[in-house]
Amino acid sequence: MTAPRRVLCLCGSLRRLSSNRAALQAAQQLAPPTLQLVLYDGLGALPLFNPDDERDSLPLPVLDLRRAVGTADALLIACPEYAHGVPGAFKNLLDWLVGSLEFPGKPVLLLNTSARESHHAQAALVEILGTMSAQLLTPQPVSVGLPGAGCSAAQVLASADRCAQLRFALDLLAASSLAPSSPPDALGL
């Protein structure tokens, strides 16, 4: 039997009760056996990006992020919109990946969890990820309209419509031409 494809889930929110995190956690529970969804939880530990810090040894949280991205076959991103843009903490995460060898060509699928289908941050993410040489699996984010802040994974899973939207996203990930991830040793990590 083939090993499941590893999908790293990146939540763009630091909120303790984040709807975006809830959507990713619900997706973990709905994932077929061919996909292994892993939630990255180091967003708040990343230092502020400084290009000067890339020349010497990288901070441990950055090494952990790059290792997680490097061992993933694809990324599933759920990111909120703040003030018509990408939240600073998540942009910081992306900045740490710009100079990495692990990110270019990585398949990426975006989820838009806003009930109002916010589009400013999503459009910015598409632009940023394209500039970073991501392989976007769809030109637009997959919409999974959630009620708002404080939504739990159980609330997401209680809705047949939301589960169908997440299954659609998971089907896109499963159907894409993802190559199985390389073991960490093969990446020199």
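This is a predicted model: local features need pLDDT of at least 70, side-chain atom pairs count only at pLDDT 80 or more; totals for chains, interfaces and linings use all residues.
Residues are numbered from 1 along each chain as its sequence is written, and side-chain values use heavy atoms, with hydrogens and water left out.

View 1. Helices (H or I, at least four residues) and strands (E, at least two) are DSSP runs, numbered from the N terminus. Strand β1 covers residues 5–11 and runs parallel to β2, residues 35–39, with 5 bridges joining them; strands count as paired if DSSP finds at least two bridges between them. Look for R5 opposite L35 of β2, and for R6 opposite Q36 of β2. Another 5 bridges join β1 to β3, again in parallel. Together with helix α1 (residues 19–30), β1 and β2 form a right-handed β-α-β unit. Right-handed here means that, with the strands pointing away from the viewer, the path from the first strand over the helix to the second runs clockwise.

**View 2. C11 sits in strand β1.** With a relative accessible area of 5%, C11 is buried; buried means under 20% relative accessible area, exposed over 50%, and partly exposed in between (1.4 Å probe, protein chains only). The strand around C11 is mostly covered too, as 5 of the 7 residues of β1 are buried. A78 is the bridge partner of C11 in β3. Setting aside neighbours within four places in sequence, C11 is in contact with S18, N20, R21, L24, L43, A78 and F90, where contact means heavy atoms within 4.5 Å. For a sense of distance, C11 and L157 are 146 residues apart in sequence and 18 Å apart in space, C-alpha to C-alpha.

**View 3. Helix α3 meets helix α4.** The axes of α3 (residues 88–98) and α4 (residues 120–131) come within 11 Å and cross at roughly 10°. That makes the two helices, α3 and α4, roughly parallel. Axes are lines fitted to C-alpha atoms, for helices over the stretch in contact, and angles run from 0 to 180 degrees between N-to-C directions. Angles under 35 degrees count as roughly parallel, over 145 as roughly antiparallel, 65 to 115 as roughly perpendicular and the rest as oblique. On the α3 side the contact is made by F90, K91 and L94, and on the α4 side by L125, I128 and L129. These residues divide into 5 nonpolar, no polar and 1 charged. Ala, Val, Leu, Ile, Met, Phe, Trp, Tyr, Cys and Pro count as nonpolar, Asp, Glu, Lys and Arg as charged, and the others, Gly among them, as polar.

**View 4. Helix α2 crosses helix α3.** Here the axes of α2 and α3 come within 10 Å and cross at roughly 75°, so α2 and α3 are roughly perpendicular to each other. V62, L65, R66 and V69 of α2 touch L93, W96 and L97 of α3. This contact has 6 nonpolar, no polar and 1 charged residue. The buried residues of α3 include N92 and D95, and the buried set packs against β1, α2 (60–70), β3 (74–78) and α4.

**View 5. Two loop residues have positive phi.** A83, in the loop between β3 and α3, has a positive phi of about 50° although it is not a glycine. A83 is exposed, with a relative accessible area of 84%. S133 lies in the loop between α4 and β5 (135–136), and its positive phi is near 70°. At 40% relative accessibility, S133 is partly exposed.
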